[in-house]
Amino acid sequence: MIESGNTLGDLLGDDDVGADAAQWALETQADPDTFRAAMGRVVGSVTVVTTRHDARAWGMTVSAFSPVCMEPATVLVCVNARTVTAVDIHRESRFGVNLLSQDQLSVSQLCSRAGAVKYVDDHVVASSQLPAEVASPVLRNSLVTFDCEVTEARTVGSHLVVMGQVRAVLAPDSRRPLLYGQGRYQRSVDIEELLTMTEAAA
Ligand SMILES: Cc1cc2nc3c(=O)[nH]c(=O)nc-3n(C[C@H](O)[C@H](O)[C@H](O)COP(=O)(O)O)c2cc1C
């Protein structure tokens, strides 16, 4: 609650660790467990990669998403090579990347259940409401959807690294992003907004 006397640190629950108290934990080998634990500290956006599976919309939750370059507009996703999604991408050479909003937590949960059926027909925008060129399923309430055509794909260890040229961008309206990190779903806090509120309450 914003009350007079609250500092921004109070509201954000700052870790009050002095520089002297900081400990360095250093692993000299990047074994899988160490790497997994380290990557668990990354907080980032959540996407659902959509494909066509048996002529229906299918979705898989993916946080390994990155823009690659602006010209040509290219993005990258990494998906476990054993997933239905990886097989669909190989076959169709087409996939959608739906950047999720906070309103889509349940879709993210649905699309991350390993081995489960992940049809998302109930969550997509009707094709009659989309431009005819859009080939990939578009999830409702996404922050943005990139409709992509595969330009390159290679296997690295357990994962398929896929580059896709963006053929269409759909950004319906502005929503708050869904985040994931440190083993749980999170939501963003607008620090500037909080600052203004604490100043107003002072
Ligand atoms: C927040 C979150 C992010 C994930 N990110 C990835 C990812 O980037 N790549 C990946 O292969 N799996 C990722 N997963 C796991 C997959 O969603 C899950 O294993 C997949 O849906 C299994 O598909 P399958 O049933 O076709 O095997 C993530 C799961 C969650 C909950």
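Of the contacts in this protein with a separation of 6 or more, 68% join residues 24 or more positions apart; two residues are in contact if their C-beta atoms, placed from the backbone, lie within 7 Å. The model is predicted: local features need pLDDT of at least 70, side-chain atom pairs count only at pLDDT 80 or more, and totals for chains, interfaces and linings use all residues. Residues are numbered from 1 along each chain as its sequence is written.

The protein has 5 helices and 10 strands, taken as DSSP runs numbered from the N terminus, with helices being H or I of at least four residues and strands E of at least two.

Let me turn to the interior. Buried residues make up 24% of the 202 residues. A residue is buried if 20 or more other C-beta atoms lie within 10 Å of its own, exposed if 12 or fewer, and partly exposed in between.

Between β2 and β3 lies Asp54, with a positive phi near 50 degrees. Ala55, in the loop between β2 and β3, has a positive phi of about 65 degrees. Asp54 is exposed, with 7 other C-beta atoms within 10 Å; Ala55 is exposed with 5.

Finally, a cis peptide bond joins Glu71 and Pro72, with omega about -5 degrees. Pro72 lies in the loop between β4 (65–69) and β5.
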